[in-house]
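Here's a quick briefing to read with the model open beside you.

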Amino acid sequence: MTRPLTRIERSVQGRYDWLKQEERKAIESRGEIGRMEFWLRVTRSRITKDVKAGRNDVIPGFTSVCRLFKLAVDKRAEGDARLWNHLMQYAQQVLEQHSPRH
């Protein structure tokens, strides 16, 4: 028998469910572009909250991630897909390991 969720666990689960529902809506309305735009909006909102909370290192962190992504895209366009493939593989592993569980 499973125990009931705590208030915090219910809150986390509710947030996760909301994100998945909104992502699904974005995909239904605009496809993969909608999904990308949704995650950019969510990320921008989170960055703003972190900055207001005094965690200013989030800005250079996001900048580094964007620069890495652009570098991988550029290398792939030049015919070298190794960095792109490594980045996508690493992203998948991290998301699988750290996404909330149902």
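Which residues in α2 meet which residues in α3? On the α2 side they are Leu 68, Phe 69, Leu 71, Ala 72, Val 73, Lys 75 and Arg 76, and their partners in α3 are Leu 83, Trp 84 and Leu 87. Keep in mind that you're looking at a predicted model.

**How α2 and α3 meet**
- Helix α2 covers residues 58–77 and helix α3 covers residues 82–98; their axes come within 7 Å and cross at roughly 135 degrees.
- Sort the contact of α2 with α3 by class and you get 8 nonpolar residues, 2 charged ones and no polar ones.

**The chain's parts and overall shape**
- The chain has 3 helices and 0 strands, so starting at the N terminus the order reads α-α-α.
- Its radius of gyration is 17 Å, well over the 13 Å that the globule rule gives for 102 residues, so the chain is more spread out than a compact globule.
- Follow the C-alpha trace along its principal axes and it spans about 55 × 35 × 30 Å.

- Of the 102 residues in the chain, 13% are buried.
- The chain exposes about 8,700 Å², and carbon and sulfur atoms supply 58% of that area.

**Contacts along the sequence**
- Take the contacts between residues at least 6 apart in sequence: 16% of them join residues at least 24 apart.

Key. Residues numbered from 1 in each chain as written. Predicted model: local features only at pLDDT ≥ 70, side-chain atom pairs only at ≥ 80, totals over all residues. Heavy atoms only, no water. Axes fitted to C-alpha atoms, helices over the stretch in contact; angles between N-to-C directions. Helix = DSSP H or I, 4+ residues; strand = E, 2+ residues; numbered from the N terminus. Contact = heavy atoms within 4.5 Å. Nonpolar A, V, L, I, M, F, W, Y, C, P; charged D, E, K, R; others polar. Rg over C-alpha atoms; globule rule 2.2 N^0.38 Å. Buried < 20%, exposed > 50% of the residue type's maximum accessible area, 1.4 Å probe, protein only. Areas by Shrake-Rupley, 256 points an atom, 1.4 Å probe, with all protein chains shown as cover.
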